[in-house]
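Please look over the sequence and the model before reading on.

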Amino acid sequence: TRHVAQRVEDQGRAAAAERPVTSVPELSLTAVKLSHDSTGAQHLHLAREDRNNLFSVQFRTAPADSRGAPHVLEHTVLCGSQRYPCRDPFFKMLNRSLSTFMNAFTASDYTLYPFSTQNPKDFQNLLSVYLDAAFFPCLRELDFCQEGWRLEHEDPSDPQTPLVFKGVVFNEMKGAFTDHERIFSQHVQSRLLPDHTYSVVSGGDPLCIPDLTWEQLRQFHATHYHPSNARFFTYGNFPLEQHLKQIHEEALSKFQRIKPCTAVPAQKPWDKPREFQVTCAPDSLAAGSSEQATISVSFLLPDITDTFEAFTLNLLSSLLISGPNSPFYKALIESGLGTDFSPDVGYNGCTREAYFSVGLQGIAEKDIQTVRDLVDRTLDDIIEKGFEDDRIEALLHKIEIQMKHQSVSFGLALTSYIASCWNHDGDPVELLKLGSQVARFRKCLEENPKFLQEKVKQYFKNNQHKLTLSMKPDDKYSEKQMQLETEKLKQKVNSLSPEDKQQIYEKGLELQAQQSQPQDVSCLPALKVSDIEPRIPFTEVEVALAAGDTPVQYCTQPTNGVIYFRAFSSLNTLPEELRPYVPLFCNVLTNPCFEEEEHFRVLVKMTAQELSNGVPDAGHLYASIRAGRTLAPAGDLQETFGGMDQVRLMKSIAEMTDIKPILRKLPRIKKHLLNCDNFRCSVNATPQQMSQVENSVDSFLRTLSRSKKERKPVPSHVVEDPTFKPCPMKTHFLFPFPVNYVAECIRTAPYAAPAHASLKILARLMTAKFLHTEIREKGGAYGGGARLSYGGIFTLYSYRDPHSTETLQSFLKAIDWAKSGRFTQQDINEAKLSVFAAVDAPVAPSDKGLDCFLYGLSEEVKQAHREQLFAVRHEDLVDVSNRYLGAGRSTHGVALLGPDNASIAKDPSWVIR
């Protein structure tokens, strides 16, 4: 790579390098830092022996208001560019590439566009599309209306229907602001850093988004999406020269240097602490309606570009809050005053100056002062007593293990890790040198045993820049938000002249026509099906018996010296009434000392709170699990373990005054699950470690109980129930959300059946060619599509969707579209590429052989399935659509999470929960 950097300079490709090449042995990579002569663009290349190569470009985008310009722009630049003028090249490329990742993110003060792929030609294709989208987007007015916001008739073709707000970002942010944790975190940031960009919502506040104009959006692009304000990042084993040449020719050579005015100034420190109170909607899933307040105390910390101080404070934060032995866990969580830490707890290094936050959620209002006192008292205790050496050592050991662990998306992890620091002109390479930071930290501690206590005193005890924020539920919150939106709408509509109204009607029809037009995507680069490897390299595994008769799968892999062990326990002997408590048992198993009643109560409250907080983010998954519940033997178990039933069960346990009966169930579960008769194990490790591992596994298994009887073979990988009969069911879970999550599941063919390959291609085809247009572009939902599970459950879903029953109609239309075969061979080839991108996604050494261990899928079965995927034809797709998806063909289940719905309430076929 030294030679690469040298050649780069020699070739005069307008890239000058200051201290260009640095080796980072702890992450097995070499860093090359460059800057572009004529524009000042920065480039960081991390060369590493990894086939999964990544590119990203980031721009510093610090908005001055909450209209959401950076977020709407992130969506709109992906809607067509000069070289690729077709609508939505970004989503179209998902089906013309073997990418392992493609997305875009809006943070508080930067926007990031990353992709990764293992194929060199694909890398060049995607780089072309990304560069053109970022630097030369069309930014058409209709795309702004579709992605950002617009006024449009409820039914665009009927001018008599009322005018309403529509738009993808508008609905996405309405959905985001139903999440209490999101609301609270946003307030912490904006109140602790009020002087500049962090006081506004970069994603856009739904009440401010309708003030953003198309002209303002174009202006924001011109001033922010310029090479002088850009940071390019490449990672992996593809040659750097090729990247630099392409970036220069396709983008940088067309610009001159400007002086971007995007820097975020430092926050002025306060001379005394501040306090604020805010409100949110009550949580219908939270345990205890009177105990729903949240409080946190936050402290402003130094600039994140001081990498060693940031490393130290991040580590200090983990010592303060991580794990049941940490001081704040003992003081706050074990006090029983609340259900879990407040949102955004710990060190936050995503803003120019970092901050630390700690507090509790799920508390009674009367306990707010008590929590504040506990925070102060805990800090005093730490300053006096410090931390145990073995906890510091354990944390450093954890960092060292993390450095050795090889994730498949390492490039993505690195670009995310350095983004904030680099965004404020910190040195990204210094940030990667974790080994030298650990060494320096150890040295500081050696020279001054009170090193950490002094930091606590300096940054927490004596820090006047301290914010106390409390949030309590207001029964009228959702109503007030709706009222504000209605007023905003009224204000917009009242200011319209008859000509304006006519124009809105015409624009609505124009947008509808554009969305329904067939797309010419021939301008986009694409891989061919022939570019896909016909065979997969086989993963060797061997199975041996340990401790007498327990099967263990051994898989030799280059794991960097880390050993990965997994155990699988069959539930077949477990009595039915204990099954709902298995997730709770697993939680207790990985948290020592929770057999004690008080510790157990704390864990139950935390689990209930976390499940409840997770619903707005994963509503489509909860809807999908419920819709599939009555379609397959395993459906009921999935609902019991991971569906709304589990969320509600944990809520009811958290509300129990006497928790002992639940606690008494755990040893009974343990007897069945931690039993050698029901066990099989898997190990991934290096060849040198295998004999040592075999002994350890053997010893471990001998500590478990076993029955005296002859061991029966551990049952197969499928839940079988010969008496099972699928039945249709429709469920509506009522939530005070302003958006819906809709799912419809259909029982089709499992993995081993020949039709499974055709259904898999069909799911991708329906998503890309029909559902994306119907549900996102026309319907304004944040997302939607179709997918197929190993067990053959075919799911149609939507996410953060302003519609409900209309979306179910769209699902029906999608099935009719599939049955009629209104798709081309090119469409099928694209769907195959997209499916193979997932099938051939990289697998980490720690996870090789898992398909065989978990699902019983041998390499031969996977190769046969691969060949079936290649062989899928037009007539096969029409055939499976008719055979499985048509009405009356297979059993359908439907579920919906969302607000009151008059038409569903009147329909007796729906169960309302």
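The sections below describe a helix and a group of paired strands.

## Basis of the description

The model is predicted, with local features requiring pLDDT of at least 70, side-chain atom pairs counting only at pLDDT 80 or more, and totals for chains, interfaces and linings using all residues. Residues are numbered from 1 along each chain as its sequence is written, and side-chain values use heavy atoms, without hydrogens and water.

## Helix α6

Helix α6 spans residues 168–176 and is mostly covered, with nine of its nine residues buried. Here, buried means under 20% relative accessible area (1.4 Å probe, protein chains only). Helices are DSSP runs of H or I with at least four residues, and strands are runs of E with at least two, numbered from the N terminus. Among the buried residues of α6 are V168, F170, E172 and K174.

Two strands are said to pair if DSSP finds at least two bridges between them.

Strand β13 (residues 293–303) pairs with β16 in the antiparallel sense over nine bridges, and S296 stands opposite G359 of β16. Strand β14 (residues 340–341) is joined to β16 by two bridges, again in the antiparallel sense; here F341 faces L360 of β16.

## The β15–β16 hairpin

Strand β15 (residues 346–348) and β16 pair in the antiparallel sense over three bridges. The bridge partner of G346 in β16 is S357. Four residues lie between β15 and β16, and the two strands form a hairpin.

Key: Buried < 20%, exposed > 50% of the residue type's maximum accessible area, 1.4 Å probe, protein only.
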